[in-house]
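Hi everyone, thanks for coming.

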Amino acid sequence: IAAMKELTATFGSVRADNKMDSIDEAKKAVFGFYEGSFTKEYQESNGKAPDLTNAKTIDDDAIVLQYHYIVKNEEAIGEKNHLTQAKDASAWTKAHAKHHPVLEKYTHDDNGLYDLFFVNPEGRVVYSVFKEVDFATRLVGGPYEKTELGATFKAVKEAADKAFVTTSKKARYFPSFDGDTQFMGTGIYEGDTQIGVLIVQLPVW
């Protein structure tokens, strides 16, 4: 509950906290990552180049956080989770530094999880462990709304039962280089109020 609230409350102020009057440099760097490192990894997995058209429809908030936590993150693809605190001045980064070590640990310890997401009530991915290209995007009106991640969020958001848990069907998932994957989701509640959605991504063999 604390992590969901803090990561949601600070998400929208990242650009202002970093005094970024323009995101042109960040946008160029993020899309350069898509065209470079992401494309290389995708080609190795699929034998062809990805269609980046949809991926590049992310909004400014997603670009800024992907810039700090994917592009400027010196860890390799698949290891972006090792960065606890980016070198930026945002309150969101302070919240990430506080909660990420605990949340990241849930994907290990024999839990067998591929990734873990916090999604706010409006459908914004305000946190993910592994910082793939779905990180910080919108699941309502964003590039991955019509994926199984988006469907999982929608099912939980619309559920009336606090104990509701849903499992998606298995499907290829673009942010994970079109590997087969599956999601499970449930609501995060403070009292009777759903303050967010917890989604885990499962490995599929």
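Let's start with the largest pocket, whose lining is His 68, Lys 72, Asn 73, Glu 74, Leu 83, Gln 85, Ala 86 and Lys 87. Before going on: this is a predicted model, where local features need pLDDT of at least 70 and side-chain atom pairs count only at pLDDT 80 or more, while totals for chains, interfaces and linings use all residues. Residues are numbered from 1 along each chain as its sequence is written, and side-chain values use heavy atoms, leaving out hydrogens and water.

On a 1 Å grid over the protein atoms alone, a pocket is an open set of points with protein on both sides within 12 Å along at least five of seven lines; a cavity is a set where a 1.4 Å probe fits but cannot get out; and lining residues have an atom within 4 Å of a point. Points are joined across faces, edges and corners, and a volume is the space filled by probe spheres set on them.

That pocket has a volume of about 180 Å³. Its lining has two nonpolar, three polar and three charged residues. Here Ala, Val, Leu, Ile, Met, Phe, Trp, Tyr, Cys and Pro count as nonpolar, Asp, Glu, Lys and Arg as charged, and the others, Gly among them, as polar.

How many cavities of 30 Å³ or more are there? The count is one. The largest cavity has a volume of about 90 Å³, and the residues lining this cavity include Phe 33, Phe 38, Ile 70 and Gly 78. By class, the cavity lining has eight nonpolar, one polar and three charged residues.
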